[in-house]
Amino acid sequence: MSKPGRSQEPERHLEASAPRARGGWPPPGSRVPGGGSARVRRAPPSAARRVRVRAWPAGARNRMAVERAERMTLEQGIRFRTIFLILLGMILAIAVSNVLTGTVGLFRETRARPLTAAEQARYIKEEIAGRWHAWSADLVFPTELQYIGLGRAQQYARRIGVAPETSCRSGLDAPTGSILGESGCRTLLRATYVDQTSTFVITVGIAVLDDEEKRVTATSQMTVDDRVGVRPVAFPGTASELFGAAQRQRNAWIPVGPYVVFSTAGYADGRTRESISPEEILHSELWPTAQAIAGRIAHALGDEPNAVPRCTQGNVC
């Protein structure tokens with residue numbers, strides 16, 4: 001029989017449910033082996049905070065090393081390229097500077113300016129020294145040459161022929177040819193003339209040296225001897241065909257610039273030097289005619305040019 005004030009239902013004993021672990025395990029209502037109430041052990045706080053680091057795979061590590069090496073190589077190439085470009089720029093700057101400096105210097109050297117007195121004198125010397133080669137045979141040995149005869153009559157000598165060039169040793173007598181040969185005689189030019197009456201025959205020879213200084217050295221060693229000089233040139237079938245070494249009456253030479261102008265004269269009829277008395281030679285018109293012809297040729301060779309440039313580029317400075 002039940003007591004008043006109490007419930008008639010049997011008493012129920014509430015069992016404490018096992019605490020639920022984190023993550024929903026064990027599930028509700030499950031029993032923990034061993035009976036009784038299951039208590040879940042909680043991990044200490046320090047263990048809960050631990051983070052497990054996973055190691056990178058070997059392939060990923062190799063790929064990163066390769067990328068790092070490639071990046072270093074690229075950076076090194078960029079540095080080398082920068083250095084190369086800097087050096088190239090410096091070289092180009094130096095080259096451009098040198099070109100500009102040379103251009104300015106060349107412009108200063110080649111621009112028109114007045115010639116100095118020394119430069120004008122050098123121009124005259126060079127022009128005179130080149131005439132034997134630059135001029136034609138008719139300029140060196142004109143076909144006709146004017147001279148003054150007896151009674152101061154104006155007459156003309158006529159050129160018979162021009163001989164081929166030869167050496168000074170071959171075209172001059174031994175003493176004179178040796179001296180000029182040792183002084184550097186380049187060549188000997190010769191031509192033969194007759195006077196207006198074809199009575200006198202004159203051979204004119206031009207010895208060509210390198211410059212006036214060498215000519216002065218050579219002529220200082222030559223003696224004044226009218227028996228030696230240039231060897232005559234005869235042309236068959238003309239008034240000079242009998243003119244040879246034995247027919248030479250007198251010889252002489254005239255220095256002018258780098259040239260030595262020789263002359264020798266004789267009679268067209270073949271008379272030798274021994275057959276003519278000294279008095280006849282002195283009073284003959286032969287030698288004045290020869291001197292006049294050789295003198296005119298020497299004057300033309302050594303005469304200063306009519307126009308000497310005032311500036312380095314003509315007459316406009």
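User: Why is Glu-212 called partly exposed?

Analyst: Glu-212 has 32% relative accessibility. Buried means under 20% relative accessible area and exposed over 50%, with partly exposed in between (1.4 Å probe, protein chains only), so Glu-212 counts as partly exposed. This is a predicted model, in which local features need pLDDT of at least 70 and side-chain atom pairs count only at pLDDT 80 or more, while totals for chains, interfaces and linings use all residues. Residues are numbered from 1 along each chain as its sequence is written, and side-chain values use heavy atoms, with hydrogens and water left out.

User: What makes Arg-215 and Glu-212 a salt bridge?

Analyst: A salt bridge is a side-chain nitrogen of Lys or Arg within 4 Å of a carboxyl oxygen of Asp or Glu. For Arg-215 and Glu-212 the N to O distance is 3.7 Å, so the pair qualifies.

User: Is Arg-215 buried or exposed?

Analyst: Arg-215 has 9% relative accessibility and therefore counts as buried.

User: What makes Asp-226 and Arg-250 a salt bridge?

Analyst: Their side chains meet at 3.9 Å, N to O, so the pair falls within the cut-off of 4 Å. Asp-226 counts as partly exposed at 25% relative accessibility, and Arg-250 is also partly exposed, with a relative accessible area of 25%.

User: How many salt bridges does a search of the whole structure find?

Analyst: The search finds twelve. One of them joins Arg-186 to Asp-210, with the closest N and O atoms 3.7 Å apart. Asp-210 is partly exposed, because its relative accessibility is 34%.
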